[in-house]
Amino acid sequence: MPTQRPSVLFFTISDFGYVNVVLATIYELLKRDEVDIHIASFAPVKPRLESLVQLVKDETGKSSSPGVHFHNLAEFPGFATWAAQSKDRKKADVPHPPGRNGAGRVAILTLKALAIMEPEQYLSLFDWSADLTRKLDPALVVVDPILLPCHDMARTLKRKYAVLHPWSIADGLIPRQGWWAEYWKYPAFSTGFPYPVPWSKIPENISCYLTSKKCQSHPKVQALNQARYAHGIKPDPLGSFTPFAVGVPQITPSLQAVDLPMSNYPPNVLDCGPILVASPPIETSDPELLAWLKRAPTVLVALGTHFEAYAETVREQAIGIRVLLEARPDMQVLWKLKREETTEKSGKENLDSILGSAIQDGRVRIESWLKADPVAILRSGHIACSVHHGGANSYFEATWAGVPQIVLAMWYDTFDYATRVEYLGIGAYGNREKGRNCVVDNENYVAPNLVDGAEFGAALLRIVGKNKGDAGAARIKKRAAELGEVCRKSGGRVQSADIVTGLCFGKAYY
């Protein structure tokens, strides 16, 4: 009788950039066709999986494919209640300042990440995922870092499992570096401080670190922990933004060369380098855009899937772009812009008054969505700088492509990636001063504008150069190209799939 093939079961949320590491890994698993693939996620992932299966069929020439078995995560009994709690949340209201001024907001968001659900919903997902795992009996369970009930399930059922991260897990590693370095050397989460932390910022850094850490003892977290323990879940504390379980393979898209320096690096942290989705070249995905890119060196401005810009933010970005265009008549801008709907009219008026002639002349091209994948655009050879919000996916795409970056940090860990680009010498933190000087009312919270046009414009000229012969810009470009080469030589999605396949077949990696 033929031996039954091992299977792997992925648990992941469906956020567009966040799930890319899972889709990239599945693409490679489909190509080698050695394991059966199951994924439990939400509905938005399903069409992307279908496209992935078709892409592999087209590339391999096979009319049939093993496919991917999709299991709808929304079927767990507590989903409707959980979804209703966040249905009115506007993406445009997520931004917050870095450091002390944003610490209160970060504490709220950290609490939401830890106590991701009410106890009843949490245990409902735990039971649902346990039932699915027992039914499928996979050789390996792969969990994303946010779905804490599925982490608990894998540990409680004593399943072989791994964590596949969309980001660096530095937050889990920094406290292990010794000498209390998380307080005085490494920037606390969401501060955006330089590395190493300047002496003058250490008191604030300590305060911000402790504010986030305090969330682990919040009554909501304690209530959830009590419910977990009463349900028979092993009495381990809840994780953090990047749950770090010692002894469990932690597959990451990072490399030590593109992260903050850390000497204590556990063997179960398996860095692969950027784990990017397979995408067709821009020549086939959007030849018209490619023809436009060939006209002049281009700055790509794309602030992530979740970013919706209020009119004030649109205005300040436009002012920064105008600074660039006036200083560098040889350059153009591709701007992926999604406006917040209630201020869309005034946002458009700002664009017309500030960039009207440049838009009419075609030097500024504004799109609400890009047909070509960002990686394909970045690797076209025509992008002089990538301006993004500091999301992990955007950071790793630009770093892999070897393109200088400007981070307009907006929330959570985006401030941490701004720190990285400056430390590594591959870009600039383009809204540091505006963010640092922004004060908010946590009682009556309104998302602030975190971009100043003059500061953004200065960052653009620093990175692309005030003129073609700018020595400082040349150094940044050279450094970005060097790290891009390092990233492209790393294993990336191939290595991630190697690890998953190896674990399915019983291979040990440390």
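Contact here means heavy atoms within 4.5 Å. The views below show a predicted model.

View 1. Threonine 313 belongs to helix 13, which comprises residues 311-327. With a relative accessible area of 6%, threonine 313 is buried, because buried means under 20% relative accessible area. Apart from neighbours within four places in sequence, threonine 313 is in contact with Phe307, Asn449 and Val451. With asparagine 449, the contact is also polar: the side chains of threonine 313 and asparagine 449 make a polar contact at 3.0 Å.

**View 2. The bend in helix 4 and the cover over its buried residues.** Helix 4 spans residues 99-114 and bends by about 35° at arginine 105. Arginine 105 is itself one of the buried residues of this helix.

**View 3. A nonpolar surface patch with three tryptophans.** Trp179, Trp180 and Trp184 form a nonpolar patch on the surface. Together, these three residues have about 500 Å² of accessible area. Tryptophan 179 is placed in the loop that lies between helix 7 (170-173) and helix 8 (181-184). The relative accessibility of tryptophan 179 is 76%, and this residue therefore counts as exposed, the cut-off for exposed being over 50%.

Key
Residues are numbered from 1 along each chain as its sequence is written. This is a predicted model: local features need pLDDT of at least 70, side-chain atom pairs count only at pLDDT 80 or more; totals for chains, interfaces and linings use all residues. Side-chain values use heavy atoms; hydrogens and water are left out. Patches are made of residues with over 30% relative accessible area and no salt bridge: like charges are joined within 9 Å, nonpolar side chains (Val, Leu, Ile, Met, Phe, Trp, Tyr) within 5 Å. Accessible areas come from the Shrake-Rupley method with a 1.4 Å probe; for residues, only the protein chains shown count as cover. A salt bridge is a side-chain nitrogen of Lys or Arg within 4 Å of a carboxyl oxygen of Asp or Glu. Helices (H or I, at least four residues) and strands (E, at least two) are DSSP runs, numbered from the N terminus. Buried means under 20% relative accessible area, exposed over 50%, partly exposed in between (1.4 Å probe, protein chains only). The bend at a residue is the angle between axes fitted to the seven residues ending there and the seven starting there. A polar contact is a pair of N or O atoms within 3.5 Å; within protein, one must be able to donate a hydrogen and the other to accept it, and residues adjacent in sequence count only if both atoms are side-chain atoms.
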